[in-house]
Amino acid sequence: MATLKINDLHVQVEGKEILKGISFSISEGETVALLGPNGHGKSTLFNAIMGHPRYKITQGSIYLDDLDLTNLSTDERARAGLFLGLQNPAEVPGVINSDFLRAAVNATSKERISTYKFYKLLDNATKELKMPFDLATRSLNEGFSGGEKKRNEILQLMLLNPKIAMLDEIDSGLDVDAIQTVADVINKLEAQGKGFLVISHYARLFDLIKPTRAIVIVNGKIVLDGDPSLIKRIDQTGYEFIKTELGISIEKEENKMNEVSIGSCAVRESIKK
Amino acid sequence: MNKIIVEENTNLDLSTLDSQLSFECSKSKSNLYLHNLKSDNELSFDVLENSVLYLSIFSDKVLENCKITANLGKKSKIVVYFADFSVSKNKLDATINLNEEGATCEWHLASLSSNNDNKDIVVNIYHNHPSTFGRIDNYGVCKDKGQLTFSGISYINKGCHLSKSHQNAKIVVFDNECVAKAKPILKIDENDIEASHAASVGKVSDEHIFYLTSRGLNLEEAKMLITLGYLKPILKGFNDSIQNAIDSLIERRLSNV
């Protein structure tokens, strides 16, 4: 049974430290809910685990069993058994979805898959996701609706068969029926022994996939790692109790607005500088 | 000048024909496939009322000073698929005249500039009548010391309201010595029209690379797949055997990427 082990992870983005010492582990068969206010490092953690070049690991380590992933490239981490379902998957014009999926399946499986077998796999997976097959023959995510993009992420998850999957707000943009469909897939894969690390702001998805644990990240650190009743509590009362009970004040997201915004005179503002 | 009447399915090898040729198309749907385009070719197309011409051109030779002109009549349409894998110094100049109501042009081009190729591709669309529609999609890949310029002007002339004109020029660049330019220009002299232009020149996007590598593709595979995305969509304008020929040409030319 594979275990992903994160130890004292510090991550910087463009010179600013976002994660300030994260340690936890997750094994196959577990579903862990990752909670925390916006801008406190949840997506940063996923991107850093997957090896996005913009997210610099300055301290700490990431292991999948005995394999040190900390300095491996993104594709090596994927082939080791990690998967990241993105919050905003890129639109890649001209790259046919099914060509990409097939290249990805071939990259992550031990032997090359035959054309027939691949289409069979693709056909079954799209049916299970109630996804029109023609999405597989279009350009990767190009012109897909928000919900179609998310289904396409789950389609990749199904085809690639990772050990541990991270899902970043996979439910946003999905309607009620689609959330049920996606939850069914996650439950099926969990029963097969996959591990899931899931970010969501809505209790609905968590009600359906029933996490085994919940982790709360505040100010770039894990402040709680406990049983899933935390999800209900946070859904009902928000993060205020972290301040009152744990004495941790929640840093506000920085105001990222440009100095110049619509309505002001951009020329005058830039002359002032 | 010889005039060639385009039948429903016409394949023409231009290497043995005159440089200057004129084509007339009067069918409700016809496919014309041209290969072995050569330097100094001057091709002119008259697409008559209510006719549709699908023009597919595949070029893998030297192509200097090549000119294409198309004149479109009422409710006629020309759809061009130009697979440009020509070599060395190339200049292609296309002019589309949308002369009557409902005249439509869809122009698709994919171009590869590698080694010391120097390519200059100009596509101009003239909206000479109200309610005419033009679209230009130029996609290019530039590597080694290749040079590639896409330019084009969409003119919407005075009085040609309710016309639509869209241009899209994208070039992906691989090496430091490449020179790539995209200059989509709109010249508009009328209100109540719809027009847009988009241009991008640059290396393969880091976000795209991350996305593809996060699915297990290595960096080279990811780059190749994204690059093929610029060139391969042109294949849909060709029949199976030509598709295979272009496909293997692309893979051969990009094999050292």
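Is Asn50(B) buried, exposed or partly exposed? I looked this up first. Asn50(B) counts as partly exposed, with 14 C-beta neighbours inside 10 Å. The terms are these: a residue is buried if 20 or more other C-beta atoms lie within 10 Å of its own, exposed if 12 or fewer, and partly exposed in between, with C-beta atoms placed from the backbone.

**Ground rules**

I am working on a predicted model, where local features need pLDDT of at least 70, side-chain atom pairs count only at pLDDT 80 or more, and totals for chains, interfaces and linings use all residues. Residues are numbered from 1 along each chain as its sequence is written, and chains are lettered from A and ligands numbered from 1 in the order in which they are written.

**Entry: backbone phi**

I went back to Asn50(B) for its backbone. Its phi is near 60°, a positive value in a residue other than glycine. Most residues other than glycine have a negative phi. Asn50(B) sits in the loop between strand 5 (42–47) and strand 6 (52–59) of chain B. Helices (H or I, at least four residues) and strands (E, at least two) are DSSP runs, numbered from the N terminus.

I also noted Asp8(A). Its phi is near 50°, again positive in a residue other than glycine. Asp8(A) belongs to strand 1 (residues 3–13) of chain A. Asp8(A) is exposed, with 12 other C-beta atoms within 10 Å.

**Entry: chain A overall**

I counted elements in chain A and found eleven helices and twelve strands. The radius of gyration of chain A is 20 Å, close to the 19 Å that the globule rule gives for 273 residues, so chain A is as compact as a globular protein of that length. That radius is taken over C-alpha atoms, and the globule rule is 2.2 Å times the number of residues to the power 0.38. Along the principal axes, the C-alpha atoms of chain A fill a box of roughly 60 × 50 × 40 Å. Of the 273 residues, 39% count as buried.

I then checked contacts. Two residues are in contact if their C-beta atoms, placed from the backbone, lie within 7 Å. In chain A, 69% of the contacts with a separation of 6 or more join residues 24 or more positions apart.

**Entry: chain B overall**

Chain B has three helices and 16 strands. For 257 residues, a compact globule would have a radius of gyration near 18 Å, and chain B agrees at 18 Å. The C-alpha trace of chain B spans about 50 × 45 × 30 Å along its principal axes. Buried residues make up 46% of the 257. Of the contacts in chain B with a separation of 6 or more, 71% are between residues 24 or more positions apart.

**Entry: helix packing in chain A**

I looked at helix 4 (residues 115–128) against helix 6 (residues 146–160) of chain A. They pack at an angle of about 135°, with axes 10 Å apart. Axes are lines fitted to C-alpha atoms, for helices over the stretch in contact, and angles run from 0 to 180 degrees between N-to-C directions. The two helices are therefore oblique to each other. Angles under 35 degrees count as roughly parallel, over 145 as roughly antiparallel, 65 to 115 as roughly perpendicular and the rest as oblique.

Which residues meet here? Leu121(A), Ala125(A) and Thr126(A) of helix 4 meet Leu155(A), Met158(A) and Leu159(A) of helix 6. By class, this contact has five nonpolar, one polar and no charged residues. Ala, Val, Leu, Ile, Met, Phe, Trp, Tyr, Cys and Pro count as nonpolar, Asp, Glu, Lys and Arg as charged, and the others, Gly among them, as polar.

Next I took helix 3 of chain A with helix 6 of chain A. Their angle is about 35°, with axes 9 Å apart. Helix 3 contributes Asn97(A), Leu101(A), Ala104(A), Val105(A) and Thr108(A), which meet Asn152(A), Gln156(A), Leu159(A) and Leu160(A) of helix 6. The residues of this contact divide into five nonpolar, four polar and no charged.

**Entry: where A and B touch**

The contact takes 23 residues from chain A and 19 from chain B. On the chain B side, seven residues come from helix 1 of chain B, the largest share. The chain B residues divide into eight nonpolar, six polar and five charged.

Six of its eight residues are buried. Among them are Phe210(B) and Tyr211(B).
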